[in-house]
Amino acid sequence: MHLTNRTFAELQPGETAELRRIITPDDLYVFAAASGNYNPMHLPQTDVDGDGKAENIAPGMFVASQISAVLGMLLPGAGTLYRRQVLDFHARAHAGDEVVCRVKVVEKLPDGIVRMETQVVRASDQALIVSGEAVVIAPQEKFDREDVEVPGLVVQRHRHFETLLERARPLPALPVAVVCPHDENSLGGALLAAKETIITPILIGRAEKIRAAALALEGDLSGFEIIDVIGDVAAASMACQLVHEGRAGAVMKGHLHTDDLLRPMLDKATGLRVGRRFTHVFVMDVPGRPEPVMVTDAAINIAPDLATKVDIVQNAIDLALSLGMEPRVGVLSAVETVNPAIQSSIDAALLSKMAERGQITGGQVDGPLAMDNAVDHGAARSKGLKGLVAGRANILVVPGIDAGNMLAKQLSFVSHAEGAGLVLGARVPVILNSRSDSAMSRLASCAVAALHHAHKGEA
């Protein structure tokens, strides 16, 4: 970070500076931890007044603290010290709001004292949130450095997945055909989701292996149907049969290869095809992001052509709508302008235009976008990108499976995200977990499938 200041000698009455900031839910947690103020009015997802909606009100002193950021970083800048701050609060800011903090030099006083006008407004409508006056000791020495760094903070929690679970629990338990739950991870995930009343598992595979896994887990299989089938492909075929009979509303992968699970589903006569290509979506709960982030396709389609990408985008939009999200699709490439030498940039532009013409429906689609200007307001603004998607994408469409797999794993292992995996485009959602997935990931995958199934039933 590059910081430079304005010394007392340099300051002139009338000088101004401003700083913008989007208030995130994690800001509320960080401020609560730092200040010791756990007032639930200021904690995300907490309904205090009983109206069914979380207040999400940013603490007044957190909003006011943005004034100190401008004073300490911009005007006068590094070396500034407070003498007095007067604050009047006129309105409230909430998580998700972008605020603009402005300061103005009013008067220079003896002994290096400067009087400054201060205010914070909401960026969307310029509503005044805080007004006041600061009296500070301005720096006497010049400061100009580029190596000022502060360690980042990560609030590790699963707030988005917890919200999805809360929404899924009241639904009728979804009957799920669990294929080959022969190990502790796959069987444990199904039993955990059943305990949370999200699914009712139908266990398909070698009965003795399923019971052995339950014994190792100390899990209770009483009340759950077990269908004894020899062979992974045969078990997957039985799952398809249960779907056709109306006995299962989703399929869940157990301890078998993904190819063996999906092969019977692709059979034209007995499978689960409904017209669209099968595509995979990771629903990621990324610490610090204001909503879930979807990554698609990172598991099935290796090098999708334009027609496949249309289905990838449409399937992801449909899932986002099922989860109550406002779909904003960023089609990723290495660049944010069309380059004839980069096929992904051409495909992205075509997908964007197809959405504009109604060939893709239900959400906003923009591309090509590089990763930074797809998810970061500042990066999008620096490139002059406008619209509803740039800087705010919640669905990231990758060029191919390599990029998708790397992105999803980077979010998981570097950014501490949890991922729920689902295959779409079939007659019913297919829950696709990996052996390394946590209990929360498996549980969230079931919740996502239940919500998607319920939404399709209502449509």
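Glu 336 first. At 21% relative accessibility, Glu 336 is partly exposed. The cut-off for buried is under 20%, so Glu 336 stays out of that class. Bear in mind that this is a predicted model.

What does Glu 336 pair with? Its side chain meets that of Lys 383 in a salt bridge, 3.2 Å from N to O. Lys 383 sits in the loop between α11 and β16, and Glu 336 in the loop between β14 and α9, so the pair ties together parts 47 residues apart in sequence. Lys 383 is also partly exposed, with a relative accessible area of 44%.

Now a longer reach. Glu 98 and Arg 381 meet through their side chains in a salt bridge, at 3.4 Å, N to O. Glu 98 lies in strand β4 and Arg 381 in helix α11, so this pair links parts that are 283 residues apart in sequence. Arg 381 is partly exposed, at 47% relative accessibility.

A local case next. Lys 353 forms a salt bridge with Glu 356, with the closest N and O atoms 3.0 Å apart. Both are in helix α9, three residues apart, which means about one helical turn separates them. Lys 353 is partly exposed at 37%. Glu 356 is exposed, at 57%.

Back to Glu 98 and Arg 381. They belong to one network, joined by salt bridges that share partners, together with Glu 18, Arg 20 and Arg 102. Over the whole structure, the search finds 24 salt bridges.

On to strand β17, residues 418–424. Buried or exposed? Seven of its seven residues are buried. Glu 418, Ala 420, Leu 422 and Leu 424 point one way. Gly 419, Gly 421 and Val 423 point the other way.

Strand β12, residues 279–285, runs antiparallel to β17, and seven bridges join them. Met 284 has Gly 419 of β17 as its bridge partner. Strand β18, residues 430–431, pairs with β17 over two bridges, again antiparallel. There, Val 423 is bridged to Val 430. β17 and β18 make a hairpin with five residues between them. In the turn, Gly 425 has a positive phi of about 100°.

Last, the core. The largest nonpolar core has 55 residues. Among the members touching the most others are Ile 198, Val 283 and Leu 323. Helix α13, residues 439–458, gives the largest share, nine residues.

Take Val 283. Beyond its sequence neighbours within four places, its contacts include Phe 161, Met 294, Leu 319 and Val 448. They also include Glu 418, Gly 419 and Ala 420. Those three belong to β17, the buried strand.

Notes. Residues numbered from 1 in each chain as written. Predicted model: local features only at pLDDT ≥ 70, side-chain atom pairs only at ≥ 80, totals over all residues. Heavy atoms only, no water. Buried < 20%, exposed > 50% of the residue type's maximum accessible area, 1.4 Å probe, protein only. Helix = DSSP H or I, 4+ residues; strand = E, 2+ residues; numbered from the N terminus. Pairing = 2+ DSSP bridges. Core = buried A, V, L, I, M, F, W, Y, C linked by side-chain atoms within 4.5 Å. Contact = heavy atoms within 4.5 Å. Salt bridge = Lys/Arg side-chain N within 4 Å of Asp/Glu carboxyl O.
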